[in-house]
Amino acid sequence: MKYFKKIIGEFCYLSPINPDDASQYAEWLNDLEITKFLAISHHQLNIMRERAILEEMIKNNSQIFGIVDKKTDKLIGNCSLFDVNHRSRKAELGIFIGAKDYWNKGYGTEAVKLILDYGFNILNLQNIIIKVYEFNKRAIAVYQKAGFRIIGSRRESKIFSGKKYDEIYMDILATEFESVYVQKVMNRE
Ligand SMILES: CC(C)(COP(=O)(O)OP(=O)(O)OC[C@H]1O[C@@H](n2cnc3c(N)ncnc32)[C@H](O)[C@@H]1OP(=O)(O)O)[C@@H](O)C(=O)NCCC(=O)NCCS
């Protein structure tokens with residue numbers, strides 16, 4: 001079994017990552033159509049390096065998940081909570097769907113809600129932030145649908161292809177989020 005159903009939604013579930021997926025991640029993370037939205041378009045990633053990164057994350061017990069299509073058990077992307085600060089109960093969220101044929105089909109919105117549920121109702125976080133480039137209109141729409149609100153921006157902090165863009169900061173509090181999975185499980189006898 002490659003994946004495990006840790007947090008389950010209607011279309012997808014979040015699973016612990018599998019280092020055997022290194023070549024799939026390397027393919028996605030060398031695709032500029034995907035990485036132009038991420039902070040890693042300048043990274044040199046090959047399978048060996050990617051496998052080492054995945055193994056390091058597993059060793060460090062990082063809060064990182066594969067996003068898996070529920071119908072086919074196919075890996076379609078990845079999401080994580082990083083810079084987790086348990087004293088102030090805050091973290092930052094990151095996500096990408098690497099399988100581009102899955103874009104705009106509701107998977108991203110559901111995956112964001114699932115990892116928020118994990119962050120707020122299992123890790124007991126209080127505030128989760130996400131940073132997104134101003135040109136990533138789809139991602140901003142997704143985060144707003146999941147309950148994030150814009151709290152500010154870092155001006156002209158992304159320079160790409162000769163143009164300067166703002167980085168938008170969005171956050172959500174535990175009190176603003178309604179559980180989509182964890183509460184359901186808790187209510188079962
Ligand atoms: C961003 C991402 C996670 C979103 O996931 P997704 O599954 O494609 O998104 P969803 O289908 O859940 O929702 C997309 C929403 O954005 C809206 N949208 C799409 N393009 C848009 C645009 N140009 N302007 C405004 N809204 C847009 C859609 O209408 C949809 O909203 P609706 O369901 O209310 O109609 C995914 O596209 C992705 O991984 N992209 C590449 C990497 C990336 O951007 N990661 C995030 C970095 S911050």
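Student: Which residues form the positive surface patch?
Tutor: The positive surface patch is made up of K5, K70, K184 and R188. Patches consist of residues with over 30% relative accessible area and no salt bridge, and like charges are joined within 9 Å.
Tutor: This is a predicted model, in which local features need pLDDT of at least 70 and side-chain atom pairs count only at pLDDT 80 or more, while totals for chains, interfaces and linings use all residues. Residues are numbered from 1 along each chain as its sequence is written, and side-chain values use heavy atoms, with hydrogens and water left out.

Student: Where is K184 placed?
Tutor: K184 sits in helix α6, which covers residues 182–187. Helices here are DSSP runs of H or I with at least four residues, strands are E runs of at least two, and both are numbered from the N terminus.

Student: How many helices and strands does the protein have?
Tutor: There are 6 helices and 8 strands, and from the N terminus on they follow the order β-β-α-α-α-β-β-β-α-β-α-β-β-α.

Student: New topic: how many salt bridges does the structure hold?
Tutor: The structure holds 8 salt bridges, each being a side-chain nitrogen of Lys or Arg within 4 Å of a carboxyl oxygen of Asp or Glu.

Student: What does E55 form a salt bridge with?
Tutor: E55 pairs with R51, and their closest N and O atoms are 3.2 Å apart. Both residues lie in helix α3 (residues 47–59), 4 residues apart, about one turn of the helix.

Student: Is E55 buried, exposed or partly exposed, and why?
Tutor: E55 counts as partly exposed because its relative accessibility is 36%, where buried means under 20% relative accessible area, exposed means over 50%, and partly exposed lies in between, with a 1.4 Å probe and protein chains only. R51 is also partly exposed, with a relative accessible area of 31%.

Student: What about E56 and K59?
Tutor: The side chains of E56 and K59 meet in a salt bridge at 3.6 Å, N to O, and both residues lie in helix α3, 3 residues apart. E56 is partly exposed at 39% relative accessibility, whereas K59 is exposed, with a relative accessible area of 67%.

Student: And which residue does E92 form a salt bridge with?
Tutor: E92 forms one with K131, with the closest N and O atoms 3.6 Å apart. This pair links distant parts of the chain, since E92 is in strand β5 (residues 90–97) and K131 is in strand β6 (residues 127–133), 39 residues apart. E92 counts as buried at 12% relative accessibility.

Terms used: Patches are made of residues with over 30% relative accessible area and no salt bridge: like charges are joined within 9 Å, nonpolar side chains (Val, Leu, Ile, Met, Phe, Trp, Tyr) within 5 Å. Accessible areas come from the Shrake-Rupley method with a 1.4 Å probe; for residues, only the protein chains shown count as cover. Lys and Arg count as positive and Asp and Glu as negative; His and the chain ends are not counted. The place of a charge is taken as NZ of Lys, CZ of Arg, CG of Asp or CD of Glu.
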